[in-house]
Amino acid sequence: MNDTDTQQWSVKQSTDLYGIEEWGGGYFGINNDGNVEVRAPGEDGKVAVPLTEIIDGLKQRGLDMPVLLRIENLVDSRISILNESFAEAIKVTGYKGQYRGAFPIKVNQQSHIVEEIARFGERYNHGLEAGSKAELMIAMSVLQNRESLIICNGYKDAEFIDLGLQARKLGFKCIFVLETIAEVRLVIKRSRELNVDPMIGVRLKLSTKVEGHWAEDSGDRSLFGLTTNQLVEVMDELREAKLLHCLQLLHFHLGSQIPNIRSIRAGVLEACRYYIEMVAEGAPLSYIDLGGGLAIDYDGTSSVSGHSRNYSVQEYCVDVVEAIAQQLDAHQLPHPTIVTESGRATVAHTSVLLFNVLDVGHFEPGPLPESLPDQPHEQLSNLWHTLKMIDGDRLQENYNDVIYYRDQVRDCFFRGEINLRDRALAENLCLAGLQRIVSLVPQMKRIPPELEALPEQLADIYYGNFSVFQSLPDSWAINQVFPVMPIHRLDEEPTRKATIADLTCDCDGKLDSFAGPDGETKTLSLHAINEGEEYHLGVFLVGAYQETLGDLHNLFGDTNVASVRINTDGSLDFVHELHGDSIADVLSYVEYDPQSMFRQFRMAAEQAVRDGRISVSERQSMLAAYSESLRGYTYFER
Ligand SMILES: *Cc1c(COP(=O)(O)O)cnc(C)c1O
């Protein structure tokens, strides 16, 4: 690339190409130097720090790529937006009740995230949702404020219930959300024995269905929640046990990442019908809990298709508040406290996976000869002549011929009629032909499907220093699209089209679906790698659900993790750093004993010294290297 090209390309073009303003939620953008910067709330307006600066700081602290970067204060900002949007909606609609958020710990269980949510959320009485004993123990230890809610979902055994009842005794607003009949009996029994009134909620199975990846959480076949029939039974049992006065909360959860605001409204309206009926039956309800579902715009399209949503946080809040008020006003019922358990919308923005590119695979021909060798094989010469014919008029036919003669050459090679060098020449000619066809395809009026898929087949493969299974499990498991882009050189034109492969050498270990300005694409525009220079990519919006699902695929363990905080004056604090798993760590997860491995290796080395194959000093350096490797990072180190 020459200088004039570089000058013609503007940062604005990169901004449009990668859609960063659309999916960035105001937290990410590109500065005039062509670097991605994090934009955080400042004293007046926003303050910005380039990711490259953060990476430099991490390197100085001994944290190499890949790194999961958490920008702590983005969580604070999200909690503010959620609470203040509800407060505003409550104000403008004249709603008489309050809002209480509860962060579901399962969405990001890392202590620094949960502790930050508890610390910052205190001013809004923002609570926590716990789906297991362990999570309830976390909630009880981090929440300082007795106004905040602890919502207990999931299956609860006697120990879980005892723990929650003890929380009640300590003054926590800890609510058991009942999902089964068995649970109600256990709650009745244990609260009698511990002599404390529980706070009880019921989780309903609504018939409202939602679209999207998590649709199975909703509708009649949903795995969770009580049917109407079971609800009646639960209420009867509570009445019988003289505990109906403890039934205060109605809960439903339609699924995560709900793309369409109409489903949310429909769910709220249906839930309100139950609310009204339950109050009529004598349950003194005062909370309505919508669960999660508030969606993130991963692809920047603001639409119901793909990985986005057709509403803003503000619209969500207004719609929910209005729908509840409208239903309950018709029955002159007091307005309940509105609870949401927004997880994804709270933490997705906070984390960015940063990795470097290790190598690039091209599907480009090498230099071609001026002419064929003397007396070429007939098929090789056919291929050669086909190439000369490609001029844009009959591209599909040219394509068919190139592939046909290439396959003929391969067959001949198989039968021993063509040698290694001619086969290599033929493959090179074939690539040259296909690349030439690709370059002419855009001129066609109508592009046949085979030719349409060709650019993707000839795209570069950028090998990234990370593991999809470890760091982006949803990309692999449910084809979740995350925004991916280079974090620097954005004032240069990205001239390459590429897919991204990870380190696992597994055919699923790749990123090959990207959000583009014209919808989802199979390739991503990237810059050619400059010799001797690092090229860094970021995968954005990975703060929700990606951190704890990871398995130990190919024994790549946890990446390095760093938390930073951008102060309102624009200065940067490195608040926390955690070195990723060492090789010894991941080996011991699968029950190897690194010490005995080292012992075995030392014995093998000792034997080699005795046999005279290596010297004593060679033995020393081999042992040192082995032991160093055990302590080292599982990812690629330079
Ligand atoms: C997973 C889950 C949530 C979080 O949903 P988001 O869409 O991430 O906000 C909330 N409540 C319950 C019951 C859940 O299972």
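Predicted model: local features only at pLDDT ≥ 70, side-chain atom pairs only at ≥ 80, totals over all residues.

**Entry 1: the whole chain.** I began with burial: of the 638 residues of the protein, 55% count as buried (under 20% relative accessible area; exposed is over 50% and partly exposed in between, with a 1.4 Å probe and protein chains only). Residues are numbered from 1 along each chain as its sequence is written, and side-chain values use heavy atoms, with hydrogens and water left out.

I then noted 23 helices and 23 strands (DSSP runs numbered from the N terminus: H or I of at least four residues for helices, E of at least two for strands). The C-alpha trace spans about 100 × 75 × 55 Å along its principal axes. Of the contacts between residues at least 6 apart in sequence, 75% join residues at least 24 apart; contact means heavy atoms within 4.5 Å.

**Entry 2: a covered strand.** Which residues of β6 are buried on each face? In β6 (residues 127–130) I found G127 and E129 buried on one side, and L128 and A130 buried on the other. In a regular strand, side chains alternate between the two faces of the sheet. β6 pairs with β5 (residues 99–104) in the parallel sense over three bridges (pairing takes at least two DSSP bridges), and A102 stands opposite G127.

**Entry 3: a proline in a loop.** P284 sits in the loop between α11 (261–280) and β11 (287–289). Is P284 buried or partly exposed? It is partly exposed, with a relative accessible area of 39%. Leaving aside residues up to four places away in sequence, P284 touches L244, H245, L247 and Q248. Its C-alpha lies 8.7 Å from that of L249, 35 residues apart along the chain.

**Entry 4: the largest pocket.** A pocket here is an open set of points on a 1 Å grid over the protein atoms alone, where a 1.4 Å probe fits, with protein on both sides within 12 Å along at least five of seven lines; lining residues have an atom within 4 Å of a point.

Of the 28 lining residues, the closest to the centre are P455, E456, K497, T523 and S525. β18 (514–516) gives the largest share of the lining, three residues.
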